[in-house]
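Hi,

Here is the structure I promised to pass on to you. Have a look at it first, and then read on for my notes on what turned up.

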Amino acid sequence: MTVDYSMLSLGDSASFPESHALLDNARRRGEVVIVTGNRTEEALERLGDTGRYKAVVIELGTQCLGVYTGEARGEEGSNLLGFARFRLGDDPPTNLIELVRQPATRPAAIDAARAVFESAGFKVALCKDVPGRIVDRLVRPYYNAALRRLDESLASASDLDTTLKLGLGYPEGPIGLLERSGLHHHYDVTQALYEASGDTAYAPARRAQVAKRRTLAAARTQEWTERKLDQPTD
Amino acid sequence: MLPSALREGSGARERNRVTSEFFALFGTTEHSFMIQTIGVAGSGTMGAGIAIVAARAGFRTIVYDTAQAALERARNQTEAFFARSVERKRLTREQADRALAVLQGTTDIDALAQCDIVIEAVFEDLKVKHALLGKLDRVCPPSTLFASNTSTLSITEIAAGSGRDERVVGMHFCLPAQLMRLVEMSPGLRTSEETFATAWAFCQALGQVPVKTKDNPGFILNYFLIPFNNDVIRMVEAGLAEPADIDLAIKTALGYAMGPLELLDLVGLDTHLLVAEALYAGTHEPRAAVPALVRRMIAAGHLGRKSGQGFYKYSGSAMFGA
């Protein structure tokens, strides 16, 4: 199934920070519009009547698609879908597209959106419009538990990681993975999921909170230093 | 390379190396490391796998089971395993023959009297383990160490019924033990330092990778795996995504070799229920509670690969629906 598509990119995109075949192969006009970036409301305003497209697919961060489409008694759905290219903190984006549907999303819109992403080489997993979609919804409580149990001295960080790598064949243990990809990013995701779900399994673990505070403090220090350097000297 | 035939040739050198590391690590005396004969109580999947590991490392290994048929089944599986190892050039024929030669089965518990360490791999029930260890305590000399392969029960509680709680240690091998190198080592509250150190060195001499964990429900592996799998099952239960989409997402995003639902089908929903119930009983953590879908699937006979249907349908070794 070949589908012509166009891109509308406004603002920063976590899914496509760099060039990609999906962006390169887009046309000026198409049956499907992929909206990337974090200025989604503005992009939708520019698109005008979205109903004239087979599908409009909106990049999501930690928010739900319903924020843009509205929701109605669990019967919502149209030709608007959401998507996110999964990435873990500072790691580059992966090859996974989580495609977000609502209860009454048109099957033809889902098929068209899936075809566009698959034509660019992505693996596409379809899920409902829930906080965390598939991957973050499943792995963030596990990462939180690992950080908490490290605080409670269940085992050393290296023994925790070794156990989960050797015991389950995971390529990386949770502690090493979070340290490498940025613990403060874990804070950002879990705080958003905790606010959206109210589930304490998502409440950011202490170590993630510390990392976030240190990141903010470092940013403030840098800003203060730069401002001081900019000031004229007598 | 596996430390084979520890009592001769290159095996002796390997044993000397392990022993030296042991002294350096724990600063104890040489007589502490005198393990030569291993007992394995229980010849089910785990027991048979542990016996393969011990025999392959060159230790004289005695497998005890109350059922002769279970011993024979384990022996056949073991011979088939070693034959495959030779075919795949992981062992030479001589190494396989040597391992089979040091491995024996018995229904007579008195045969374990000569063991320096007995690893129990019987049913995950405290009463069953207490009954076994009570008998072993009467059979074995006071110097014999007892190790438990429990995956969820407390080592301290198991040790309390052993008659020698200072000489009991947790040694949780991963399934399948003959292929997985990880062993979770856990001391109970009354386990002596010497017992733990000796068991640790023995684990290394087996060619395994020990990790130390507290005597905590589920230790490390199951403490994290069972709630994660429960969350995955709840996602299916709530209809948030199809099993194939969940597995695809996890494998693509995180580089896991198997999706969580593929793994659950392989392990079996009935096995997952047993382990999860034990973990929940020990922690009362909400994520450890077994989702209702598990019991419904078991009632429907959807146990996973072994019944032909779990989260996926199977025909022979082929998978449908993925």
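Which strands of chain A does helix α9 of chain B lie across? Helix α9(B), residues 243-254, lies across β5 (96-101) and β6 of chain A. Its direction relative to β6(A) is about 130°. Please keep in mind throughout that this is a predicted model.

Chain A puts 34 residues into the contact and chain B puts in 33 residues. On the chain A side, β5, β6, α5 (135-151) and α6 (157-168) each supply at least two residues. The biggest contribution to that side is from α6(A), with 8 residues. Sorted by class, the side of chain A that touches chain B consists of 22 nonpolar, 7 polar and 5 charged residues.

Now to chain A by itself. Chain A has 9 helices and 6 strands, and its C-alpha trace spans about 65 × 55 × 35 Å along the principal axes. Of its 234 residues, 40% are buried. Looking at contacts in chain A with a separation of 6 or more, 62% are between residues 24 or more positions apart.

The sheet in chain A is open, with 6 strands in the order β1-β2-β3-β4-β5-β6 and mixed pairing. At its edges stand β1 (5-9) and β6 (123-128) of chain A; each has a single partner strand, so one side of each has no neighbour in the sheet. From one strand to the next, the twist averages 25°. As for β1(A), it pairs with β2(A), residues 32-36, in the parallel sense over 5 bridges. One residue pair to click on there is A:S9 and its bridge partner in β2(A), A:T36.

Next, the nonpolar core. The largest one holds 148 residues, and the members that touch the most others are A:V32, A:V57, A:A113, A:A125, B:V40, B:I50 and B:A54. Helix α8 of chain B (residues 221-237) provides the largest share of this core, 9 residues. As background, nonpolar side chains tend to be buried together in soluble globular proteins.

Over in chain B, helix α7 (residues 193-205) passes a simple length check. At 1.5 Å a residue, its 13 residues should span 18 Å, and the end C-alpha atoms are 18 Å apart, so the two agree. Is α7(B) mostly covered or mostly open? Mostly covered: 10 of its 13 residues are buried. Among them are B:W200, B:F202 and B:C203. After α7(B) comes B:G207, which has a positive phi, near 85°.

B:Q68 belongs to helix α3 of chain B, residues 68-87. Why does B:Q68 count as exposed? Because there are 12 other C-beta atoms within 10 Å of its own, and the cut-off for exposed is 12 or fewer. B:Q68 and B:T106 are 38 residues apart in sequence, while their C-alpha atoms are 7.7 Å apart in space.

Happy browsing, and do write back with any questions!

Best wishes

Notes: Residues are numbered from 1 along each chain as its sequence is written. Chains are lettered from A and ligands numbered from 1 in the order in which they are written. This is a predicted model: local features need pLDDT of at least 70, side-chain atom pairs count only at pLDDT 80 or more; totals for chains, interfaces and linings use all residues. Helices (H or I, at least four residues) and strands (E, at least two) are DSSP runs, numbered from the N terminus. The expected span of a helix is 1.5 Å times one less than its number of residues. A residue is buried if 20 or more other C-beta atoms lie within 10 Å of its own, exposed if 12 or fewer, and partly exposed in between; C-beta atoms are placed from the backbone. Two strands pair if DSSP finds at least two bridges between them. Axes are lines fitted to C-alpha atoms, for helices over the stretch in contact, and angles run from 0 to 180 degrees between N-to-C directions. Two residues are in contact if their C-beta atoms, placed from the backbone, lie within 7 Å. Ala, Val, Leu, Ile, Met, Phe, Trp, Tyr, Cys and Pro count as nonpolar, Asp, Glu, Lys and Arg as charged, and the others, Gly among them, as polar. A nonpolar core is a set of buried Ala, Val, Leu, Ile, Met, Phe, Trp, Tyr and Cys residues joined through C-beta atoms within 7 Å.
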